[in-house]
Amino acid sequence: MSVLEVAGLRTHFFTRAGVVKAVDGVDFTLQRGEVMGLVGESGSGKTVTGFSILGLVDPPGRIVGGSIRYRGEELVGAPDERLRELRGNRIAMIFQDPMMTLNPVLRIDTQMVEAIQAHERVPKKAAWERARDGLGQVGIPSPEERLRAYPHQLSGGMRQRVTIAIAFLNAPELIIADEPTTALDVTIQAQIIYQAQKVCRERGAAMIWITHDLAVVAGLADRICVMYAGRIVEAGPTDDVIDRPLHPYTVGLLGSVPSANKRGQRLNQIPGMTPNMLALPKGCAFRERCARAGDACLAEPGITEPAAGRALRCFHPHGIEVPA
Amino acid sequence: MSVPLIEVRGVTKHFVKRLDLAGKIARRLGADVDEEVVHAVDAVDLAVRPGEVVGLAGESGCGKSTLGRMMAGILPPTDGEILFEGIAASEMSGAQRRAATLAVQMIFQDPFASLNPRLRVEQIIGEAPLVHGLVDRGGLSDYVDDIMRNVRLDPALKRRYPHQFSGGQRQRIGIARALAVRPRFLVCDEAIASLDVSIQAQVLNLFMDLREEFDLTYLFISHDLSVVEHIADRVVIMYLGRIVESAPTEQLFSAPRHPYTQALLADVPRLDQRKHDFSPVAGEIPSPLDPPPGCHFHPRCPHAMPICRTQQPVLREIAPGAFSACHLDGNSGT
Ligand SMILES: Nc1ncnc2c1ncn2[C@@H]1O[C@H](COP(=O)(O)OP(=O)(O)OP(=O)(O)O)[C@@H](O)[C@H]1O
Ligand SMILES: Nc1ncnc2c1ncn2[C@@H]1O[C@H](COP(=O)(O)OP(=O)(O)OP(=O)(O)O)[C@@H](O)[C@H]1O
Ligand code: SF4
Ligand code: SF4
Ligand SMILES: [Mg+2]
Ligand SMILES: [Mg+2]
């Protein structure tokens, strides 16, 4: 059975200025031990997708359609109590800002022991030892000392590693990591990815790694989903998506990443601006920035499967020539 | 070789970290607490030749912005000299100093914070050239239009305010404001870091076009090594206030010599590097309040020797145009 099956997910925000269709048609499946990269630019709906899975969307936002199945169990419409039980236990989240997870006025050990005891009857001493081992596993030196520290006494990278340790405390089956390394240096980023990778592999946990950085998921993910304006516009195995992108937005995004073989040359730039979620163009949301747009694109492209394991929303994909 | 457009010799910047209230009270009560000194930049030499793009990279807090601000002339050094076209700032006449001030401009990371929200775009761009007499009132409107076209902004938008623009457009306004005084040297400090991926490429392309059009020289500061690799002719790597390596871009990326550069490059995620095990450099960035003695990198260096703990390695030319500060003299393999 898949760990997670998301189908037709739609999460909208009903704001005074209008309805923001933050997530508007997201489908994917995640198997045990699989790492999925969810990429897309700011505002494309990555975080809201993660929040929807965790049942953390607050008003004025609401899941208005679709289904989220965790090991076959429907989470959309599930009681709050059940979602709380899953969160931090079977499903864990790592946020970009570690202070979303950490309480600034409590010592690390207090927080970690609490996180264990919230889901399991464990004597305090055993919980404390598990917390200490957890810190060791994410590469924190002298974990016993760190356990006595307050969050502000740790560096940013150290704090983020503590939240990873907390996320893994109860051996979750699914981890949603929302840009956990975006604010950090490459050296610290590599340490954190290394730890997350290791723990996933050792425990067979599945992971969704949310980022705007294609290079990070290229080295980490088995599969990539590319989001644009609330939809997954292209998905597939990492190598396929990066080496043979089909969607014009993916092609543009890949072309805009500086890399050694493009040194000193002009980068391929995606024209126009990032979309205004309150005034998306009719039909394909990428239409006004797309060089391949045609009359067909005035309608909404549905999901197609151009090759095994790949998904696409586009009328005139690359690799398939546009009829003159 | 030509005279460097801008050069720093032994520049140092110390920041005194003032005691907070708790610290002051503790000291009054006789506790042994002192004001701490951050060695943000420590005796750095760097020369930038006309037309060159120098990329400056290194981990957060290593002193990139501090060095950049000193080179831009907006932060006085604690020690050392800054020369513009071979003339030290301390020896310039008033006119020379004014010319140098205009010739060197800075572009910041956050385009919003650096633009006055109450001014229209035409005022933001036109103010300095008018004050400095580069243009008169009659010619101002056309002048602003030209500059806006240079940065690919529609002059029809010039009566708008900064908040009416997207992030990428605001960064263009910042670039236009700098260009308006006809600078020769631009210090770009994380100038594309706050922009969305698809917009980063637009602004990076603009920087490359402007370099050609206006014969500009850049110090391009970025923590993103792929950006530095893309735009720079020469790359300078800093670690805890010191330059550890400087080399032509291609050399530095294909054959890094300093152990720190090697570790840093190994950690950069790359599109062409598929599913692999990340194997990060060990250890934390030490505190700049109390940097390790000798070679600052020795606690994390896989090649550290006894001498590294006591003696600071000097920056030496170890191949034509390639400098490294390491007791191994760049023989650490790759
Ligand atoms: N509480 C809210 N009220 C109204 N709109 C919201 C709310 N939260 C998110 N949105 C909107 O939903 C859209 C998707 O936001 P989301 O945070 O998922 O983007 P993202 O892809 O995670 O972007 P980033 O890379 O910047 O984190 C955005 O247009 C955002 O403005
Ligand atoms: N005004 C200041 N007062 C006190 N300390 C400062 C000041 N400005 C910078 N520092 C300190 O000097 C050191 C170098 O800072 P700097 O901003 O130059 O680093 P950086 O390399 O630009 O880092 P980043 O990549 O995070 O921008 C840091 O330890 C910083 O905390
Ligand atoms: S559907 Fe049309 S507009 Fe949209 S990406 Fe494909 S070609 Fe471009
Ligand atoms: S001087 Fe010593 S510690 Fe420093 S980088 Fe070279 S080998 Fe490593
Ligand atoms: Mg987000
Ligand atoms: Mg800086």
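Analyst: In this predicted model, chain A and chain B bury about 3800 Å² between them, and 55% of that area lies on carbon and sulfur atoms. Three residues stand out on the chain A side: D185(A), T187(A) and R263(A) supply 16% of the area that chain A buries against chain B, more than any other three residues. In terms of residues, 50 from chain A and 39 from chain B take part in the contact.

The polar side of this contact can be described by its pairs. Two salt bridges are counted between chain A and chain B. R266(A) and D209(B) meet through their side chains in a salt bridge, with N to O at 2.4 Å. Residue pairs in polar contact between chain A and chain B number 14, with both residues of each pair at pLDDT 80 or more.

As to secondary structure, five helices of chain A, namely α6 (156–168), α7 (186–203), α8 (214–218), α9 (238–243) and α10 (248–255), each supply at least two residues of the side that touches chain B. Of these, α7(A) gives the most, with ten residues. By class, the side of chain A that touches chain B is made up of 23 nonpolar, 16 polar and eleven charged residues. T187(A), named above for its share of the buried area, falls within the range of α7 (186–203).

Salt bridges are also found elsewhere: over all chains, the structure holds 32. One that lies within chain A joins R231(A) and E300(A), whose closest N and O atoms are 3.4 Å apart. R231(A) belongs to strand β10 (residues 231–237) of chain A and E300(A) to the loop between α10 and β11 (311–312) of chain A, so this pair ties together parts that are 69 residues apart in sequence.

The ligands complete the picture. Ligand 1 is surrounded by 14 residues, the closest being S42(A), G43(A), K46(A), T47(A) and V48(A). On its own, ligand 1 has 640 Å² of accessible area, of which the protein covers 66%. β1 (4–15), β2 (18–30) and α1 (46–54) of chain A each give at least two residues to the shell around ligand 1, and the largest share, three residues, comes from α1(A). Five nonpolar, six polar and three charged residues make up this shell.

Ligand 3 has chain A residues around it, including H247(A), C284(A), C290(A), C297(A), C314(A) and H316(A). The shell of ligand 3 divides into eight nonpolar, two polar and two charged residues. Around ligand 4 the residues come from chain B, among them H258(B), C295(B), C301(B), C308(B), C326(B) and H327(B). The shell of ligand 4 has eight nonpolar and four polar residues, and no charged residues. P248(A), one of the residues around ligand 3, also lies within the range of α10 (248–255), a helix that supplies at least two residues of the side of chain A that touches chain B.

Notes:
Residues are numbered from 1 along each chain as its sequence is written. Chains are lettered from A and ligands numbered from 1 in the order in which they are written. This is a predicted model: local features need pLDDT of at least 70, side-chain atom pairs count only at pLDDT 80 or more; totals for chains, interfaces and linings use all residues. Side-chain values use heavy atoms; hydrogens and water are left out. Contact means heavy atoms within 4.5 Å. Buried area is the accessible area (1.4 Å probe) that two parts lose on being put together, summed over both. A salt bridge is a side-chain nitrogen of Lys or Arg within 4 Å of a carboxyl oxygen of Asp or Glu. A polar contact is a pair of N or O atoms within 3.5 Å; within protein, one must be able to donate a hydrogen and the other to accept it, and residues adjacent in sequence count only if both atoms are side-chain atoms. Helices (H or I, at least four residues) and strands (E, at least two) are DSSP runs, numbered from the N terminus. Ala, Val, Leu, Ile, Met, Phe, Trp, Tyr, Cys and Pro count as nonpolar, Asp, Glu, Lys and Arg as charged, and the others, Gly among them, as polar. A residue is near a molecule or strand if one of its heavy atoms lies within 4 Å of it. Accessible areas come from the Shrake-Rupley method with a 1.4 Å probe; for residues, only the protein chains shown count as cover.
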